[in-house]
Amino acid sequence: MQSKCSINVEINKVRIEFTERKMTAYGGFSLLAAFFEKINLKGILQEVMPIRESSPNGMGIYSKVLAYILLIYAGGSRFSHLLYLGWQEVFTDLFAVKRLPLASTTLGRLFKRIRKLREVEEMSDGLWGYLKGLIPWKEIKEDWLTFDSTILERYGKQEGAKRGYNPKKKGRGSHSPLLAFLNRSKYVVHLWNRPGNVMSWNNIIGFFKSTWQRISGHIDIKGIIADSGFYLREFIELLEKKELIYIIAARLYRPLQRMVYAQQNWKNIEEGIWIAEFFFQHADWITDRRFIAVRQDIKKRPHAMGKELSLFGDEFDTGNYRYSVWITNSHDPAYDVWKQCRPRANDENTIKELKEDFALGGFSMKYFYSTEAAMLIRVFIYNLFVLFRYQILGQKEKTERLKTLRYKYLVLPAQLGGDGRKLVLRISVFKQKIRSKLLYLFNRIKQYCPPGFNNCTAFG
């Protein structure tokens with residue numbers, strides 16, 4: 001019996017062979033390596049991770065977290081996708097680490113060591129404390145602070161995976177994280193994970209206070225925008241106490257439906273759209289408040305957002321319209337208030353980007369806080385991506401998503417070799433235009449000086 005099997009493979013007179021040369025499909029990760037070095041990512045991740053390694057033979061916390069970050073940027077959504085990275089010795093040299101984990105279980109064990117709320121809170125505060133030193137607040141100046149929640153389906157018996165509201169997969173266990181955004185600049189300011197059986201407004205008071213502490217003093221907050229899940233009297237009173245402008249989508253409870261139905265002062269603002277305003281007070285409220293209602297004709301605008309007045313059925317053709325109602329303390333004209341809350345769709349797009357490009361719903365583990373810790377890292381690298389997109393890329397690419405830029409700049413074949421005593425990463429690019437753009441990006445990173453960083457020297 002032969003110990004070795006030798007088979008010649010030939011396709012269209014092209015012989016197939018294998019090589020042990022250090023090659024990678026992600027030569028564009030060199031851009032990330034230059035950017036991470038510029039912002040001293042290694043130093044901060046070793047500080048904020050709530051776990052330590054004392055073994056002299058260990059690869060270190062940063063090496064493991066770095067592999068996780070590269071896995072996300074490569075398009076992975078579970079730990080087993082670590083194989084996407086291929087020949088990892090290229091990245092150990094490029095990112096200046098001893099070695100990267102080869103087994104996906106290494107990453108799983110890393111996060112499973114985080115099981116306490118205190119550890120997750122310290123990690124979250126540490127990541128934000130570092131990030132707020134990078135965000136160019138002077139360029140942003142002002143923004144809307146917005147709140148939203150989402151549903152992440154789970155398919156096992158993980159902690160916190162409870163059955164709750166789930167319009168797509170009814171009865172499926174899920175997690176329901178809370179998120180806070182800077183609406184225009186698209187940074188995610190805060191995230192708390194929650195079990196799937198909670199109401200949208202659950203813990204919103206504590207979450208708002210924690211978020212406000214993070215953002216207060218950095219920029220002018222124009223106001224608070226939130227969806228109907230946060231239509232809560234205590235939340236509204238807190239915002240009024242802080243003298244903040246708010247625009248919150250109202251839940252169409254029966255008394256409010258009757259009030260909308262009774263309106264006679266509808267003003268036509270666009271084809272098939274009418275707007276009205278009124279003051280209304282729920283039974284347990286101590287004062288009335290201003291409401292803005294928008295009615296859209298579904299025959300003229302079949303994709304109109306909103307809900308029907310279910311209390312009245314098809315009576316008096318109410319079934320031909322969809323209604324959206326907001327509560328606000330703004331003194332601006334009703335039409336201006338409606339225009340101000342329309343960009344809230346940016347938050348839905350950000351959540352979509354987090355789910356599809358940064359696997360927000362992936363990497364679910366047995367322990368609740370382990371899952372949240374892994375989720376915080378993904379939100380953190382999303383914020384780094386937003387920073388990279390605004391500070392390094394060209395004007396036309398500032399709105400492009402990771403799944404577009406991944407195949408534009410990151411997925412580039414490359415070989416690690418040498419030139420004398422120096423290591424050289426040779427990136428395979430056949431178009432001169434792409435070569436010029438890569439050189440431009442490297443130069444942008446070289447010239448980039450993060451706010452608050454005293455050391456702004458170029459990378460080697």
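Predicted model: local features only at pLDDT ≥ 70, side-chain atom pairs only at ≥ 80, totals over all residues.
Local features are reported only at pLDDT of at least 70 and side-chain atom pairs only at pLDDT 80 or more, whereas totals for chains, interfaces and linings use all residues. Residues are numbered from 1 along each chain as its sequence is written, and side-chain values use heavy atoms, with hydrogens and water left out.

The secondary structure of the chain comprises 15 helices and 17 strands; helices (H or I, at least four residues) and strands (E, at least two) are DSSP runs, numbered from the N terminus. Along the principal axes, the C-alpha atoms occupy a box of roughly 85 × 55 × 50 Å. Of the 460 residues, 50% are buried, a term that means under 20% relative accessible area (1.4 Å probe, protein chains only). Among contacts (heavy atoms within 4.5 Å) with a separation of 6 or more, 67% are between residues 24 or more positions apart.

Helix α8 covers residues 204-215. Its 12 residues reach 16 Å from the first C-alpha to the last, close to the expected 16 Å, where the expected span is 1.5 Å times one less than the number of residues. Buried residues of α8 include I204, F207, F208 and W212, as well as R214. The helix is followed by G217, which has a positive phi near 95°.

Strand β15 (321-328) is mostly covered, with 7 of its 8 residues buried. Two strands are taken as paired if DSSP finds at least two bridges between them. Strand β14 (residues 289-297) pairs with β15 in the antiparallel sense over 8 bridges, and D297 stands opposite Y321. Strand β11 (residues 246-249) also runs antiparallel to β15, joined to it by 3 bridges; here I248 stands opposite I327.

The largest pocket has a volume of about 1,800 Å³. A pocket is an open set of points on a 1 Å grid over the protein atoms alone, where a 1.4 Å probe fits, with protein on both sides within 12 Å along at least five of seven lines; lining residues have an atom within 4 Å of a point. Grid points are joined across faces, edges and corners, and the volume is the space filled by probe spheres set on the points. Of the 47 lining residues, D227, S228, M305, R344 and E348 are the closest to the pocket centre. Elements giving two or more residues to the lining are β4 (142-149), β15, α11 (334-341) and α12 (345-357). The largest share, 6 residues, comes from α12.
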